[in-house]
Amino acid sequence: MILFQRDWCGPSWAQPRRALQSLGLFAGQAPNCEQSGTDFLAELASPRARPVLGWRAARFANDSPALFSGWLDNAAELASELGLSGASPARIYAEAYSRWGTAADRRAIGCYAAVLGLPDGRVRLSRSPWGGRSLFYHNDGDVLLACSIPRPLFAAGLDKQLRPEAIDRLIAMELPDQEESLFANLRVVPQGSEVIVARGQQRTQRWYDPLDLAPVRFKRDDDYVEAAEAHLSAAVKAALAGAKRPGVALSGGLDSALVCAEMLRQLPPGERLPSFTFHPCREFDGQVPPGKFGDDRPWVEAFARMHPALDPHFSDNPGISFEDRAEQVFAACDAGYPSRVMGTVHHGPMRDAAAHGCDWLLGADTGNMTFSNSAIWAAPEFLRQGKWLELLRLVSGQAGNHWPVWRRIAAQGLMPNLPPGLQHSIRRLMGKDHRDMNLFANPFIRSSSRLAAWRDEAAIANNMLTVDRTESRAAYIRANYDACSLGLEVVHGHEQVFGIGLRDVTAYRPLIEFCLALPTAQFVRAGESRWLARRMAKGRMPEAQRTNRLYGEHNSDWHQRLGAQRAELRRAATALRDHPQLGAVLDVAAMERALDDWPAQAPQTRDQINQLRFYLPAMLYVARFVDHTTGRNQP
């Protein structure tokens, strides 16, 4: 993480030493820092990094300072071209910008955020595309503050005040704003962008367009597999280069298993690789929605038998609820996004990896968008192109879908091709059973409140559950790109809380761009989905796993875990009646009824599952975050 302060006209109200202490809060000590004229610079290179005596920020172009957070995967290549053998990523990146300008970001492969003090007195803030490290800033004419996370900026003296609109977005499950943070007077550098800052002014330029992809076309099907494997190999090599003791987050699916198999292939002979997997609690009854599997452990155990150098570790997340370590995460990153109630299943593996001595936990979160893509846009594309047989095969082979084939074609092929307004009208006529499984607004918004419009599914195009757009490849890419930009301060938060580095191997830009430019027929062929990944997986995983068409239900034991907390959850819901920010917009009575009428077994319909597993605990989580941030005592 990095911290930068510039006083435009001598000493300002900001207190850099307090910001520095805050930056090192979870490390237990102040990080590297330097005072240079009116600039204050600091760096925390890893979650538990020790300060380096005499540390100075990197310099370039007339002794201008540079800060860099993240990694450059092609640092050696850039350094060679720039004549900077052995230079730090910060120096390489700064010199690349000095020589090539914004084109340097196109040539830099990695995941990063950077601050450059320019020779003309301005400051450049930047982030890489496809999930670059987070970077927040405040520029009021007296002082410029920039940091990887908000906390140190508040410690410096910036007023900490949640934006009312941001709270509304959390309640409505609307994706956060691309440039405005959750807090007043604190902005976000968008991914794939630069922000040039002068005194009291800033100009944002988005240099990266995710749709600017040249189609990838080869002569043979095997050529696509070989090229995808080469990109995966490069992604794994880059991730392993920065890890002394890596661990891998491993599920029973295709994407993380392929990453793990490639990691094992690249490890030196005799070296072992620990993997970390969550699985349901012992009370889990095995009930999952159609087309899903609920326990990754048997798949991982079979995979481990095939790879003797793998040391699998399992956790059923004892004591970990949807609000696990909530106060620590809030303190670490000043974020309480409702989607986190689904993400706490990862806390056990992160905790175990840190306890095992791993310095990095490597995952494959972007796998379903890259080589393991199921081309969710395929059905409407096949219909537009008149590929009737491919469309029929695709919808006929879907596991767990009990609709008749004609209805699948209508819902998946025809509907996404219709104008949004017409789609909405048809769904209203057909009733909720015809609704796409992801189109589901927050049912606990009060119908008479100022947020009532968010109950209408026509208003939820950017809802957190509707990222995978179906109407076209372009819509899918744009929605996923925007989602990759948001809430990444939480990654820094988890790194601080658990004391371990976190990296998505599959978020490697060349791999992403290659896969998103492939023909749809490389992902879906003759009714077989995720066809590219299944071909890549031959010989790398057991056949039963390679050919499995079911998807993992990662919170499969939610009914047991939340059911055990019903009394506590009901008290928390009732307390929201008098909540100053949420009481007027949440339907507390509906939340109480949902808990009072708790089903004896886990429901199987998607709307019921979303209501109880996600929306209900998410509203309690948001309330807890708002209370933490505003200092309100919880009842």
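Tutor: Ser449 sits in the loop between helix H16 (420–430) and helix H17 (473–484); helices (H or I, at least four residues) and strands (E, at least two) are DSSP runs, numbered from the N terminus. This is a predicted model, in which local features need pLDDT of at least 70, side-chain atom pairs count only at pLDDT 80 or more, and totals for chains, interfaces and linings use all residues. Residues are numbered from 1 along each chain as its sequence is written, and side-chain values use heavy atoms, with hydrogens and water left out.

Ser449 has a relative accessible area of 11% and is therefore buried (buried means under 20% relative accessible area, exposed over 50%, partly exposed in between, with a 1.4 Å probe and protein chains only). Apart from neighbours within four places in sequence, Ser449 is in contact with Ala584 and Val585, where contact means heavy atoms within 4.5 Å.

As for charged pairs, the structure holds 43 salt bridges, each a side-chain nitrogen of Lys or Arg within 4 Å of a carboxyl oxygen of Asp or Glu. One of them joins the side chains of Asp334 and Lys160 (2.7 Å, N to O). Asp334 lies in the loop between helix H10 (326–333) and helix H11 (340–343), and Lys160 in the loop between helix H5 (151–155) and helix H6 (164–172), so the pair ties together parts 174 residues apart in sequence. Asp334 is buried, because its relative accessibility is 2%, whereas Lys160, at 32%, is partly exposed.
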